[in-house]
Amino acid sequence: MPEPGMEEGFWIPNEVLDAQLVLMDSAQVFHWTETQSGLSAVCAGRAVTLAQGSKGLLLKGATPADWPFWAHYFDLDRDYSGIKAKVSHLPMARRALELLPGMRVLNQPVWEALVAFILSANNNVKRIRNLVNALSRELGQAYSVDGAVLYGFPTPHALAGAGEDRLRALGCGYRAPYLTETARKIDQGFDLRALSEMDYESALKRLMELKGVGEKVADCVLLFGAGHGDAFPVDVWVERMMRAWFTPELSGRHRIKLAGRALFGKQAGIIQQYLFHCARMGLMDLEQRAV
């Protein structure tokens with residue numbers, strides 16, 4: 001456990017977590033926001049701020065009882081140096097991990113990841129962030145955090161009861177019936193927590209029973225919410241980088257996903273996140289051919 005701060009909260013070393021990279025820039029979470037002293041959010045009803053201090057990042061608002069939640073959320077117990085060692089024979093994967101030492105793959109509440117990634121379909125990061133925030137302001141609970149008013153995600157019951165017209169008015173468009181029907185099914189007993197306990201293939205099949213959840217959205221939810229480190233979401237950037245650096249002979253996102261999971265093994269999704277960010281941000285040359 002990180003060292004407790006002088007005020008309520010815990011210190012996380014800067015070399016362990018790059019907050020700006022993980023929470024704002026890496027396209028795995030969309031509701032953290034800048035407040036007067038750092039980055040703040042409400043996650044599963046817990047309101048916190050990550051503030052830069054003399055010992056690194058101070059997680060303000062985290063109580064001792066809540067620390068296991070946040071340690072899991074920030075994936076602090078995973079051996080990232082061990083992952084780097086396992087891909088040392090793959091130059092591009094090794095380079096991606098070297099370039100992003102503070103990257104972590106979050107373990108978000110599954111419900112929050114599900115809402116965000118249903119909204120992510122055919123959207124850019126700014127638009128996803130705006131939609132998540134609009135839904136939360138309209139239907140979520142308000143909290144005072146670091147001098148600002150922030151909102152938690154709406155509950156499945158609140159989202160199911162909002163109605164499609166209200167969601168369309170908030171900008172959800174064709175995703176409105178997906179959100180409504182999915183929220184209703186979860187409110188009626190669909191067990192999202194069970195996804196973490198299933199094997200990957202079973203969890204994928206189960207999650208895709210929900211409206212608006214295709215293979216890519218399901219893989220994002222499983223990776224960033226349900227703890228399936230072998231989930232391998234493939235979007236346009238992942239397709240490009242896999243074909244450029246690892247599987248030039250392959251086409252089709254499902255085939256590329258299977259190849260990625262086979263190549264990188266149990267930590268495929270973790271490695272994918274590094275490669276995805278490097279490709280999307282131009283940190284590594286997509287014209288460079290390597291294996």
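The largest pocket of this predicted model is lined by 25 residues, and Ser120, Asn123, Lys216, Asp235 and Phe276 lie nearest its centre. A pocket here is an open set of points on a 1 Å grid over the protein atoms alone, where a 1.4 Å probe fits, with protein on both sides within 12 Å along at least five of seven lines; lining residues have an atom within 4 Å of a point. The volume of the largest pocket is about 510 Å³, a volume being the space filled by probe spheres set on the points, with grid points joined across faces, edges and corners. As background, rolling a probe the size of a water molecule over the atoms shows where empty space is left.

By class, the lining comprises 15 nonpolar, six polar and four charged residues. In this scheme Ala, Val, Leu, Ile, Met, Phe, Trp, Tyr, Cys and Pro count as nonpolar, Asp, Glu, Lys and Arg as charged, and the others, Gly among them, as polar. At least two lining residues come from each of helix 6 (125–139), helix 11 (215–224), helix 12 and helix 14 (268–280). Helices (H or I, at least four residues) and strands (E, at least two) are DSSP runs, numbered from the N terminus.

A word on conventions. Residues are numbered from 1 along each chain as its sequence is written, and side-chain values use heavy atoms, with hydrogens and water left out. Since the model is predicted, local features need pLDDT of at least 70 and side-chain atom pairs count only at pLDDT 80 or more, while totals for chains, interfaces and linings use all residues.

I turn to one residue of helix 11. Where does Asp219 stand, buried or exposed? Asp219, which is found in helix 11, is buried, with a relative accessible area of 1%. Buried means under 20% relative accessible area, exposed over 50%, and partly exposed in between (1.4 Å probe, protein chains only). Leaving aside residues up to four places away in sequence, Asp219 touches Tyr200, Leu204, Ala231, Phe232, Pro233 and Lys257, where contact means heavy atoms within 4.5 Å.

Next, the salt bridges. How many does a search of the whole structure find? The search returns 13, each being a side-chain nitrogen of Lys or Arg within 4 Å of a carboxyl oxygen of Asp or Glu.

In one of them, Asp66 meets Arg46, with the closest N and O atoms 3.2 Å apart. Asp66 lies in the loop between strand 5 (56–60) and helix 2 (67–73), and Arg46 in strand 4 (residues 46–53), so this pair ties together parts that are 20 residues apart in sequence. Arg46 is partly exposed, at 25% relative accessibility.

Another joins Arg253 to Glu239 at 3.0 Å, N to O. Because Arg253 lies in helix 13 (residues 253–264) and Glu239 in helix 12 (residues 236–245), the pair ties together parts that are 14 residues apart in sequence. Glu239 counts as buried at 18%, whereas Arg253 counts as partly exposed at 39%.

Salt bridges that share partners join Arg94, Arg95 and Glu98 into one network. Within it, the closest N and O atoms of Arg94 and Glu98 are 4.0 Å apart. These two residues are four apart in helix 4 (residues 91–99), which means a separation of about one helical turn. Both are partly exposed: Arg94 has a relative accessible area of 28%, and Glu98 has 35%.

Finally, the strands. Strands of a sheet pair through backbone hydrogen bonds, either parallel or antiparallel. Here five strands form an open sheet in the order 1-5-4-3-2, with antiparallel pairing; strand 1 and strand 2 (33–34) are the edge strands, each pairing on one side only. Two strands pair if DSSP finds at least two bridges between them.

Strand 5 is mostly covered, with four of its five residues buried. Four antiparallel bridges pair it with strand 1 (residues 9–12); Phe10 stands opposite Leu59, and Gly9 has Lys60 as its bridge partner. Strand 5 is also joined to strand 4 by five bridges, again antiparallel, with Ala51 partnered by Leu58. A hairpin of two residues links strand 4 to strand 5.

A further antiparallel pair, over four bridges, consists of strand 6 (residues 142–145) and strand 7 (residues 148–151). Val145 stands opposite Ala148 in strand 7. Two residues lie between the strands of this hairpin, where Asp146 takes a positive phi near 50°.
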